[in-house]
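This report examines how the parts of a protein model meet one another. Please keep the sequence and the structure in view while reading.

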There are 2 protein chains.
Amino acid sequence: MSENQTKFVDYIEKNQDKLVKSLAEVVAIPSVSGDPAYRQDVFRQGEWIKAKLLELGAEATTHDLGMQKLDGKDIPLPPVVVGSLGNDSSKKTVLVYGHYDVQPALKSDGWNTEPFELVHDEKTGRLYGRGSTDDKGPILGWLHTIEAHKTLGLELPVNLKFCFEGMEESGSNGLDEFVTKNKDTLFSGVDAVCISDNYWLGTKKPCVTNGLRGISYFKLSISGPARDLHSGVFGGMVHEPMTDLIKIMSSLVTPQGEITIPGINEQVKELTDDERKVYDVMDFSISDVDDATGSQTTISDNKPEVLMARMRFPSLSLHGIEGAFAEPGSKTVIPAKVTGKFSLRLVPNMDPAKVIECVQKHVESEFAKLKSKNTMHLAPDHPGKPWVADPNHWNYEAAFRATEKIYGVRPDLTKEGGSIPITLTFADALNKNVLLLPMGRSDDGAHSTNEKLDLSNYVKGTQLLGTYLYEIAAATA
Amino acid sequence: MSENQTKFVDYIEKNQDKLVKSLAEVVAIPSVSGDPAYRQDVFRQGEWIKAKLLELGAEATTHDLGMQKLDGKDIPLPPVVVGSLGNDSSKKTVLVYGHYDVQPALKSDGWNTEPFELVHDEKTGRLYGRGSTDDKGPILGWLHTIEAHKTLGLELPVNLKFCFEGMEESGSNGLDEFVTKNKDTLFSGVDAVCISDNYWLGTKKPCVTNGLRGISYFKLSISGPARDLHSGVFGGMVHEPMTDLIKIMSSLVTPQGEITIPGINEQVKELTDDERKVYDVMDFSISDVDDATGSQTTISDNKPEVLMARMRFPSLSLHGIEGAFAEPGSKTVIPAKVTGKFSLRLVPNMDPAKVIECVQKHVESEFAKLKSKNTMHLAPDHPGKPWVADPNHWNYEAAFRATEKIYGVRPDLTKEGGSIPITLTFADALNKNVLLLPMGRSDDGAHSTNEKLDLSNYVKGTQLLGTYLYEIAAATA
């Protein structure tokens, strides 16, 4: 490590109380973006970050994204906080992203402590509080990196740009357009992007992440009678939309998770032997899935296969049926119109347009087999493409080296099964390499009760983010 | 017709205004049994009937059925009004049943007029109002029969017993036990039972009804993870309860309505050629179904087959799924526990216990095929047996002859696809022949908006009920 690097790492090590104090400060702001009652707190959190950036010597501005309708009210969207620090043309410029809004939380949901009060359990070393790991801890990681350098009188090894949003937990309304519109102004000159908003695969070994699955969501409607019918009076006489829909939904995927829509599996990029080996070494076991699901229901008992089911292959889930009887109790209805909801998770080289085409063709063919007098309609939602970044890039090499320096281990290179849409936006709009560099662990309970961030992850994670910047500077572009 | 019979029929013909006036009086009482806000009106309607019976010289008492929990409130059940008129051992005794509660109705549901205000459309001859046909009109038919005889100074040809309940639209709580408990006291000496609470098959030709399908309702649950999962993170890794449930639900019935559970169709009584002919002559056309469903979705285009699908054969309907995503919009959930609801309509000689056994065996076998690590549980609801009365009985003969005298036509002998549980209770508890003798037409909209009773059905229907009593008296038991 360079002298500056070492000074920075030591500073963070010795000033853990500062990190905890600032985390307590932000956890106390209930910036819940999904509930209009908390909207002013989301704004307050945005202003807090802007003020902190200015205090640390960065430039920072808030950007209005317009209005949204929430629970019947028209309310202003939280601002995007955009900032920059350094403008040295001899240095690389790294754009970092985080979100300052959080998921809802009430003590009565099952929290052991007040969710908006940071509780440091000294015995376990865990910091409990809503937003601790998702995503206030990582944002503070960046801010403390700057604070350390300012206090130590050290220059940052790179130029930084910041994009902190306040709507990530509620759909990131307007952010896509904002980034695309400002790619040549606010976000010009960016050489690489780093997003710290996901988690280690397990609880022991750090990872960097270079892939996310995409999604194609479908609503399949079958309509028959003009109104709901009594099954006593009409049962047996008419084609029932539910019977038709259930038949078609049953033709999409097997209980073993194999997608049975012709033309889908053919689109999946072939697995190479080398690639397969990546999954053998990952810090992961079947019991991690069992712990997370509270059951023993993995389809495979083979670790690499279970991992690839999440990271490497598509999946199809049946989410539910709108329009049918969904309440407790018994009701003898023949629903007039039912809409099945299902979605596919997409991986390279699946093309959303081609997926829609295959699904449309399949459901039409299945419906024709039913010889039903009902009518069918398929409505695809706006799809999200899968994202994969090339890990043979100095951005990833910097993250690997930084992890080795802080954690003493080569990180796993993982892919996530879900989507973080802003990742693809940055990749597409800025056309730069994007890296996901997580701070927390798989068991942090990001959207759940008793969300926590281990103090060690917070401290080492902050050291990692700063060290990553040094490794970026040292890398040959 | 006998002299008395003719006098009675003429009296009803000339006093139509009296019939309309009393119907207006009872329609104005919103005796909605399903909403605690109207419970006092249900009581008021019960008291009105008791007072009217007493006024007409009958004996009448109200009987407390205890309490019920409705919308979280403990409220008293509406009373059963039991009455009798005449105690002549040389006459037959007929028990008549009706219900004085009604379905909910709000003008905003889509009514053209105030639902609890009787509106007489002189152009069409229709009497609009909630309860007009279901079932206040028929109850008044009996009361006006008595009133006519009282006014004319005529003796009734039979002894009458009355059982009017106030909870039919909401499950008839407590009535079963009440009838069974009082079969040898309040309901002793009954020779035959007449229930006027169903409808003509079509709109032109009267019918008498001697059968109802039974029902077996099932709740099939599949459980996997301990909590709902994110389909991005877990899709493909785990056995999804929805996938399993949809597979099993798809194995129960074809889009052509054929039940595919082994052992079910084998229980159905064989159709004879003679029996089949009954369906050829019924006043019915496919367009009646199309009008009722607002669609052209009958499975068959052959009239007798469509009729038999309702009256003669079992059916299986898939009602919905509890626990899955049922709201509008998109949600990428893997539901942790889902419960499919389905029911079979039963016909002779299906035995509910055997039906449950077949369903249990089938779903277990289908679930085993899935090789899923999830768990399955089948919960059958309390079933209802099918009911069929022997039409070669003086009770039916009387109804046939009365219909011929009033309408000039031999009525259709129909069966209903649904259930009226009290029918089976009377048949089983009293062990007497039970007859369904409807007053209204198929298009009356009993549970719908703009419920109506045609004035002609009300007048001729009242004449029919009275004439039926004369034919009972004339019949050889």
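Across the interface of chain B and chain A in this predicted model, the rule finds 2 salt bridges. One of the salt bridges in the model joins the side chains of Asp301(B) and Lys373(A), with 2.9 Å from N to O. Polar contacts between chain B and chain A amount to 53 residue pairs, both residues having a pLDDT of 80 or more.

The area buried between chain B and chain A is about 6100 Å², of which 54% lies on carbon and sulfur atoms. Within the area that chain B buries against chain A, Met237(B), Pro255(B) and Lys373(B) supply 11%, more than any other three residues.

To their contact, domain 1 of chain A gives 5 residues and domain 2 of chain A gives 6 residues. The side of domain 1 of chain A that touches domain 2 of chain A has 2 nonpolar, 3 polar and no charged residues. The following table sets out the values for the two interfaces.

| Interface | Buried area | Part on carbon and sulfur atoms |
|---|---|---|
| Chain B and chain A | about 6100 Å² | 54% |
| Domain 1 of chain A and domain 2 of chain A | about 370 Å² | 62% |

Over all chains, the count of salt bridges comes to 50. Among them is the pair Arg44(A) and Asp41(A), in which the closest N and O atoms are 2.8 Å apart. Why are these two residues separated by about one helical turn? Arg44(A) and Asp41(A) are separated by about one helical turn because they stand 3 residues apart in helix 3 (residues 39-55) of chain A.

Some details of the backbone also deserve attention. Most peptide bonds are trans, and most residues other than glycine have a negative phi. The peptide bond from Pro348(A) to Asn349(A) is cis, with omega near 0°. Asn349(A) belongs to the loop between strand 15 (337-346) and helix 11 (352-370) of chain A. In chain B, the bond from Pro348(B) to Asn349(B) is cis, with omega near 0°, and Asn349(B) is found in the loop between strand 15 (337-346) and helix 11 (352-370) of chain B. Lys371(A), a residue other than glycine, has a positive phi, near 50°. Lys371(A) is placed in the loop between helix 11 and strand 16 (375-380) of chain A.

As for confidence, the average pLDDT of chain A is 95, and 100% of its residues score at least 70. The model has an ipTM of 0.88 and a pTM of 0.87.

How values were computed
Residues numbered from 1 in each chain as written. Chains lettered and ligands numbered in written order. Heavy atoms only, no water. pLDDT = per-residue confidence, 0-100. Contact = heavy atoms within 4.5 Å. Buried area = accessible area lost by both parts, 1.4 Å probe. Nonpolar A, V, L, I, M, F, W, Y, C, P; charged D, E, K, R; others polar. Salt bridge = Lys/Arg side-chain N within 4 Å of Asp/Glu carboxyl O. Polar contact = N/O pair within 3.5 Å; in protein donor to acceptor, adjacent residues only side chain to side chain. Helix = DSSP H or I, 4+ residues; strand = E, 2+ residues; numbered from the N terminus.
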